[in-house]
Amino acid sequence: FDSPMDPTVNLADEPRGGGPAHIADIYMTAVGGINWLANTTRSDLAFTASQLSSHVSDPGPAHCKALLRALIYIRDSAEQPLTLAPGNQPLDVYVDSSWSDRFSISGAVFYFCGCPVSWFSRTQHAVSLSSAEAEYYAAMTAARDLLHYRDLAQDFGYTQHGASVMHSDSKSDIDMSLDPVAFKKTKHIMRAAHFLRDLVARRFVEMRKVPGEDNVADLLTKPVQLPVFRKLSQVLVGSARCESCE
């Protein structure tokens, strides 16, 4: 397979259980291995690992089939490297979210000198009432982690002068991070999200618009069609960068 998940299948809607107990044990062990890869070197597996992990207690046939697809993808892409490109922006981040009527998913990937050094695909803790809220909460979460990596880079002697760039395909969260008046129409967004506005005002973070088709964090929030996956997966590992973000 050329991608780790089938974009036409929603594992949350698939029936669970119904198989022998030892199948669940095998499933749990294999998903644990995928999680280890996703947390260390394989950022392209982050979303897949989070989705498979949600069903370790009682997987059904569809979940086992999805696991097998992920394992075949890992086998076929085992030689995929991470690429360091020192000429690029010292530290920047791509962020995105997938709005759901249940719990939305936040995704972000952090680049240092053009190489992905950290990433996450996380289920948000509260139900978002709009796509703007989901996007803004994802950006706030990424900004919090970005502060840590700025300090860490400084400890290594890479002091970043000026703001670190955060790329987002959401115009709404960029506008809200800059304009306090926007909050009069979005009072339902939790107070914690104001944290991002403060970082932008203090020039720690600069929000920039990136086209949705070039937002690499999209791979961390949802399964995508194969042509999009092929394009963004090359950006994700640092071997290519999107032209709109140079």
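Predicted model: local features only at pLDDT ≥ 70, side-chain atom pairs only at ≥ 80, totals over all residues.
Residues are numbered from 1 along each chain as its sequence is written. Local features need pLDDT of at least 70, side-chain atom pairs count only at pLDDT 80 or more, and totals for chains, interfaces and linings use all residues, while side-chain values use heavy atoms, without hydrogens and water.

Helices (H or I, at least four residues) and strands (E, at least two) are DSSP runs, numbered from the N terminus. Helix 1 covers residues 21–40. In helix 1, Ala 24, Tyr 27, Ala 30, Val 31, Ile 34 and Ala 38 are buried. They span an arc of only 135° around the axis, and therefore sit on the same side of helix 1. The arc is taken from the directions from the helix axis to the C-beta atoms. An α-helix has 3.6 residues a turn, so residues three or four places apart point the same way. The other side of helix 1 carries exposed residues, among them Trp 36 and Asn 39. The buried residues pack against helix 2 (46–53), helix 3 (61–76) and strand 3 (115–123), with contact meaning heavy atoms within 4.5 Å.

Strand 2 (residues 105–112) has eight of its eight residues buried. Ile 105, Gly 107, Val 109 and Tyr 111 point one way. Ser 106, Ala 108, Phe 110 and Phe 112 point the other way. Strand 2 pairs in the antiparallel sense with strand 1 (residues 91–98) over eight bridges; pairing requires at least two DSSP bridges between two strands. Ser 98 stands opposite Ile 105. Strand 2 also pairs with strand 3, antiparallel, over eight bridges. There, Phe 112 is the bridge partner of Cys 115.

Most residues other than glycine have a negative phi. Arg 203 has a positive phi, near 65°. Arg 203 lies in the loop between helix 6 (194–201) and strand 5 (205–209). Its relative accessible area is 48%, so Arg 203 is partly exposed.

Note on methods: Buried < 20%, exposed > 50% of the residue type's maximum accessible area, 1.4 Å probe, protein only. Expected span 1.5 Å × (residues − 1).
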